[in-house]
Amino acid sequence: MIVRISNEGQYRIDDALHGRLNDLDDAAVAAVEADDEDAFHEVFEELLDLVRKEGHELADDDLEASDVILPPADLTFVEAGEEFTGDGLIPEPAESAG
Amino acid sequence: MPGMGGRMSTVIKAKISRLLDRAEDPGETLDYSYQKQLESLQNVKKGIADVVTAKKRLQMQSQKLEQSVVKLDTQARQALSAGNEELARTALERKNVAQTELQSLDQQVTELEAQQEKLTESEQKLRGKIEAFRTKKEVMKAQYSAAEAQVRISEAATGVGEEMADVGLAMQRAADKTEQMRARADAVAELEAAGTFDDLTTLGTGQDDIDRQLAELSSSSQVEDELSKMKAELGQGSGGGESKQLEEGQGS
């Protein structure tokens, strides 16, 4: 899966990490719904760090499109309200491969 | 691109599809995409230039305020040693306001510097992608059948388009922030124009409105603290250590 962090770059992520990413994504949605700004920033930072640390940055001459686009790190809580709703930004992992 | 949610993804998707809509045959797609990419690169350069201009403007504003802070401090001392405590207090109130503005301006300059750096990085990245696209399009033209080339080109163009759209969003955010800063800097300039940070001795009577606003803006306890500190300094040194500063103030 290819994930872009807006204003930073694209990362290739192992599919095995999909579950963890999705959990953090759901936690971000929950924090937005609970109107808990501190919790949101904590979870969002963790989500971005996971992508940065575990992902492999795509080379500049790689022209692949992203599967997921995450907002930039300086996202405000107000903006977060427009991003992290419903199922969040990371799609739920499929039950089986496919 | 399945599974893309969120407003930014939607904006980026819309930008990409607008970019690809015009493509009818592979040759046209290639040329149109490449031309669009180069245009976009020009826009990024323009965006960076705008940020630099905004930064320079804030830096100039900041220098002016720094001078005002020094001047008002000197005037407060002069007023106090001449026994005019009211004037000294007014000078310190203004100095307080100027200092607060100065801090906020310096912070904004730092923010703009970070934005400039980020946009420059983005520009380099986009330049790399466009260069890759240019190379790939030649390969595609030569090696693939029209149908296959069409698919591969639109994939590659989508990749570059995404990068462009992302840089576009970054520029939009930078522009929004710069606009807010500009408004703030203009407000400071207005205060300056109203004589707020000017030489106090040039102020006549009838400045009540400005004084009232300043008193509201500046934290009075801070002013009182500074005033008593200044009194103590002047009382102890009885002019000795301060006379140099006073002379500097009069000279400027």
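In the predicted model, the interface brings 27 residues of chain A into contact with 30 residues of chain B. The two chains bury about 2,300 Å² between them, and 45% of this area lies on carbon and sulfur atoms. On the side of chain A, the residues that lose the most area to chain B are A:N7, A:L63 and A:I69, which together account for 30% of what that side buries.

The rule identifies 15 residue pairs in polar contact between chain A and chain B, both residues being at pLDDT 80 or more. Three elements of chain A give two or more residues to the side that touches chain B, namely strand 2 (9–12), strand 4 (68–70) and helix 3 (77–83). Of these, helix 3 of chain A gives the most, with three residues. By class, the side of chain A that touches chain B is made up of twelve charged, ten nonpolar and five polar residues.

Helix 3 of chain A contains A:E83. This residue, A:E83, counts as buried because its relative accessible area is 1%, under the 20% cut-off. Leaving aside residues up to four places away in sequence, A:E83 touches A:P71, A:L75 and A:L89 in chain A, and B:G6, B:R7 and B:M8 in chain B.

In one salt bridge, the side chains of A:D74 and B:R173 meet at 2.8 Å, N to O. Another is formed by B:E163 and A:R4, whose closest N and O atoms are 3.0 Å apart. Because B:E163 lies in helix 4 of chain B and A:R4 in strand 1 (residues 2–5) of chain A, this pair joins two chains. Both B:E163 and A:R4 are buried. These two residues also belong to a network of salt bridges that links A:R4, B:K129, B:E162, B:E163 and B:D166.

The largest nonpolar core holds 35 residues, among which B:L58, B:L119, B:L126 and B:F133 touch the most other members. At least two residues of this core come from each of helix 2 (26–81), helix 3 (85–143) and helix 4 (146–193) of chain B. Helix 4 of chain B supplies the largest share, 13 residues. A second, separate core of 32 residues includes A:V3, A:L17, A:V32 and A:L70. With residues up to four places away in sequence not counted, B:L126 touches B:S40, B:L41, B:V44, B:V160, B:E163, B:M164 and B:V167. One of these contacts of B:L126, B:E163, is the residue that forms the salt bridge with A:R4.

Within chain B, B:R89 takes part in two of the salt bridges described here. The side chains of B:E86 and B:R89 meet at 2.7 Å, N to O. Both residues lie in helix 3 of chain B, three residues apart, about one turn of the helix. B:E86 is exposed, with a relative accessible area of 51%, whereas B:R89 is buried at 17%. The side chain of B:R89 also meets that of B:E224 in a salt bridge (2.6 Å, N to O). B:R89 lies in helix 3 and B:E224 in helix 6 (residues 220–237) of chain B, so this pair ties together parts that are 135 residues apart in sequence. B:E224 counts as partly exposed, at 33% relative accessibility.

Technical notes:
Residues numbered from 1 in each chain as written. Chains lettered and ligands numbered in written order. Predicted model: local features only at pLDDT ≥ 70, side-chain atom pairs only at ≥ 80, totals over all residues. Heavy atoms only, no water. Contact = heavy atoms within 4.5 Å. Buried area = accessible area lost by both parts, 1.4 Å probe. Salt bridge = Lys/Arg side-chain N within 4 Å of Asp/Glu carboxyl O. Polar contact = N/O pair within 3.5 Å; in protein donor to acceptor, adjacent residues only side chain to side chain. Helix = DSSP H or I, 4+ residues; strand = E, 2+ residues; numbered from the N terminus. Nonpolar A, V, L, I, M, F, W, Y, C, P; charged D, E, K, R; others polar. Buried < 20%, exposed > 50% of the residue type's maximum accessible area, 1.4 Å probe, protein only. Core = buried A, V, L, I, M, F, W, Y, C linked by side-chain atoms within 4.5 Å.
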